[in-house]
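Biologist: I'm new to this one. Can you put it on screen and walk me through it?

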Amino acid sequence: TIPVTVQSSPSGRSFTVDGTPYTNSQNFNWIPGSSHTLAATSPQSGGTGVQYVWTSWSDGGAISHTVAPGSATTYTANFTTQYFLTMNAGPGGGVSPASVWTNSGAIVNISASASNGYTMTGWTGTGSGSFSGTNSSASVMMNGPITQTAAFITNVLITVQANPAGRSFMVDATNYTSDQTFSWVPGSP
């Protein structure tokens with residue numbers, strides 16, 4: 001017989017050998033040239049906001065394939081770790097991209113846009129690599145599951161006019177001679 005090892009990377013991911021499931025590295029003694037079936041499932045849950053996606057077997061075989069080794073060998077099922085990016089928008093706007101699974105270490109560009117009559121006030125982020133701040137666009141690094149929430153505030157409508165009508169007045173360094181209605185962020189100067 002020949003020694004054959006079947007394992008996963010990262011360790012702890014499930015795979016089957018001849019239909020029997022395993023999660024730890026397994027050592028077998030097989031007759032040289034005998035056929036055996038290796039298989040993996042994908043995706044595999046790693047807990048809340050974490051999953052593992054099969055990428056390859058070390059011998060280049062399909063996710064489920066038959067092997068017939070002639071000498072001692074090791075077969076490794078390779079997986080990519082992914083984290084879930086949860087995107088939320090408060091009332092008055094939208095966010096991009098939609099919530100999505102993303103590879104570990106990936107940089108994701110996020111953006112928020114306010115609807116008419118609203119102004120974006122900022123992001124609140126939780127999780128390693130998240131963003132919190134007032135920029136409408138930012139980048140997050142997927143070091144773990146991340147939740148991003150964009151907040152918006154309702155603008156106030158302000159009408160400025162002259163009395164008597166037709167008199168000139170200035171708002172934010174612009175001259176006007178007729179009634180003007182502005183949509184402003186509450187408390188803005």
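Biologist: Which order do the strands of the open sheet of four have?

Modeller: The order is E3-E2-E5-E8, and the pairing is antiparallel. Strands here are DSSP runs of E with at least two residues, numbered from the N terminus. Two strands pair if DSSP finds at least two bridges between them.

Biologist: What should I know about the model itself?

Modeller: It is a predicted model: local features need pLDDT of at least 70, side-chain atom pairs count only at pLDDT 80 or more, and totals for chains, interfaces and linings use all residues. Residues are numbered from 1 along each chain as its sequence is written, and side-chain values use heavy atoms, with hydrogens and water left out.

Biologist: Back to E3-E2-E5-E8. Which strands stand at the edges?

Modeller: Strand E3 (20-22) and strand E8 (64-67) do. Each has a single partner strand, so one side of each is left without a neighbour in the sheet. On average, neighbouring strands of this sheet are turned by 25° against each other, direction ignored. The angle is taken between axes, which are lines fitted to C-alpha atoms; angles run from 0 to 180 degrees between N-to-C directions.

Biologist: How many bridges are there between E2 and E5?

Modeller: Three bridges, in the antiparallel sense, between strand E2 (residues 15-17) and strand E5 (residues 36-40). Phenylalanine 15 stands opposite alanine 40 in E5.

Biologist: Which aromatic cluster includes Phe15?

Modeller: Phe15, Tyr22, Phe28 and Trp30 form one aromatic cluster. Rings of Phe, Tyr and Trp (its six-membered ring) pair if their centres lie within 6.5 Å; planes under 30 degrees apart count as stacked, over 60 as edge-to-face and the rest as tilted.

Biologist: How many aromatic pairs does that rule give?

Modeller: Seven aromatic pairs. In one of them, tyrosine 176 and phenylalanine 182 have ring centres 5.7 Å apart and planes at 70°, so the pair is edge-to-face. Phenylalanine 182 also pairs with tryptophan 184. That pair is stacked, at 5.1 Å centre to centre with 15° between the planes.

Biologist: Is phenylalanine 182 buried or exposed?

Modeller: Phenylalanine 182 is buried, at 14% relative accessibility. Buried means under 20% relative accessible area, exposed over 50%, partly exposed in between (1.4 Å probe, protein chains only). Tryptophan 184 is partly exposed, at 28%.

Biologist: Switching topic. Which residues have the most contacts inside the largest nonpolar core?

Modeller: Val6 and Trp57, in a core of 33 residues. Such a core is a set of buried Ala, Val, Leu, Ile, Met, Phe, Trp, Tyr and Cys residues joined through side-chain atoms within 4.5 Å. Its largest share, six residues, comes from E9. Another core, of five residues, lies apart from it and includes Ala162, Phe169, Tyr176 and Phe182.

Biologist: What is valine 6 in contact with?

Modeller: Among its contacts are Phe15, Val17, Phe28, Leu38, Trp57 and Tyr75, leaving aside neighbours within four places in sequence. Contact means heavy atoms within 4.5 Å.

Biologist: What order does the open sheet of three strands have?

Modeller: E10-E12-E14, with antiparallel pairing. The edge strands are strand E10 (93-96) and strand E14 (137-141), each pairing on one side only. Five bridges join strand E12 (residues 107-114) to E14. Valine 108 stands opposite valine 140 in E14.

Biologist: Is valine 140 buried or exposed?

Modeller: Valine 140 is buried, at 1% relative accessibility. Its contacts beyond four places in sequence include Leu85, Ile107, Val108, Phe131 and Ile146.

Biologist: Last topic, the backbone. Where are the cis peptide bonds?

Modeller: One joins serine 9 and proline 10, with omega about 0°. Proline 10 is in the loop between strand E1 (2-9) and E2. Another runs from asparagine 163 to proline 164, with omega near 10°. Most residues other than glycine have a negative phi, and most peptide bonds are trans.

Biologist: What is the phi of aspartate 172?

Modeller: Positive, about 50°, although aspartate 172 is not a glycine. Alanine 173 also has a positive phi, near 70°. Alanine 173 lies in the loop between E17 and E18. Aspartate 172 is exposed, with a relative accessible area of 62%, and alanine 173 is exposed at 67%.
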